[in-house]
Amino acid sequence: MWTKEQLQAINKSGSNIIVSAGAGSGKTAVLTQRVISKLKSGVDINKLLILTFTDAASQEMKERIREAISKEEGLERQLDLITNAYICTFDSFSLSIVKKYHYLLNIDSNVSIMDNNIN
């Protein structure tokens, strides 16, 4: 079912990974399986950082992970923790870091992301 490269992405340990592939190539399925693998090894979902490029992708990722967790025996506790998990866009994660450490950056804590659609 999985290609050699997909299995590497699912099972690689000891380092962070980046999964980069075209639309419809199975990135979400691979990352979901990687998360389930991590959870089975004892890592809590709220200790993982899962970043996507779009809000839609992060919502889909969270739903797929939630669905996969619900099918796995022994992972029920993770469903309670997923609400506080960092499954979000690069932009929103970066903004949360900037807001948290605004004082070190010498900027106002009320910083926000500008919309590209402003004329």
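How many helices and strands are there in the chain? The chain holds 6 helices and 2 strands.

**View 1. Overall chain of the predicted model.** From the N terminus on, the elements run α-α-β-α-α-β-α-α; helices (H or I, at least four residues) and strands (E, at least two) are DSSP runs, numbered from the N terminus. The C-alpha trace spans about 45 × 30 × 25 Å along its principal axes. Of the 119 residues, 24% count as buried (buried is under 20% relative accessible area, exposed over 50%, partly exposed in between; 1.4 Å probe, protein chains only). Contacts (heavy atoms within 4.5 Å) with a separation of 6 or more come to 55% from residues 24 or more positions apart. The chain exposes about 8600 Å², and carbon and sulfur atoms supply 50% of this area (Shrake-Rupley method, 1.4 Å probe; for residues, only the protein chains shown count as cover). In this predicted model, local features need pLDDT of at least 70 and side-chain atom pairs count only at pLDDT 80 or more, while totals for chains, interfaces and linings use all residues. Residues are numbered from 1 along each chain as its sequence is written, and side-chain values use heavy atoms, with hydrogens and water left out.

**View 2. Strands β1 and β2.** Strand β1 (residues 49-52) and strand β2 (residues 86-89) run parallel and are joined by 4 bridges; two strands pair if DSSP finds at least two bridges between them. I50 stands opposite I87 in β2.

View 3. Y86 is partly exposed, with a relative accessible area of 41%. Leaving aside neighbours within four places in sequence, Y86 is in contact with L48, L49, I50, F93 and S96. The C-alpha atoms of Y86 and N46 are separated by 6.5 Å, although these residues lie 40 residues apart along the chain.

**View 4. The largest pocket.** Its volume is about 910 Å³, taken as the space filled by probe spheres set on grid points joined across faces, edges and corners. A pocket is an open set of points on a 1 Å grid over the protein atoms alone, where a 1.4 Å probe fits, with protein on both sides within 12 Å along at least five of seven lines; lining residues have an atom within 4 Å of a point. The lining comprises 31 residues, of which I17, V19, L31, I50 and L51 lie nearest the centre of the pocket. Elements giving two or more residues to this lining are α2 (27-40), β1 and α3 (55-70). Helix α2 gives the most, with 7 residues.
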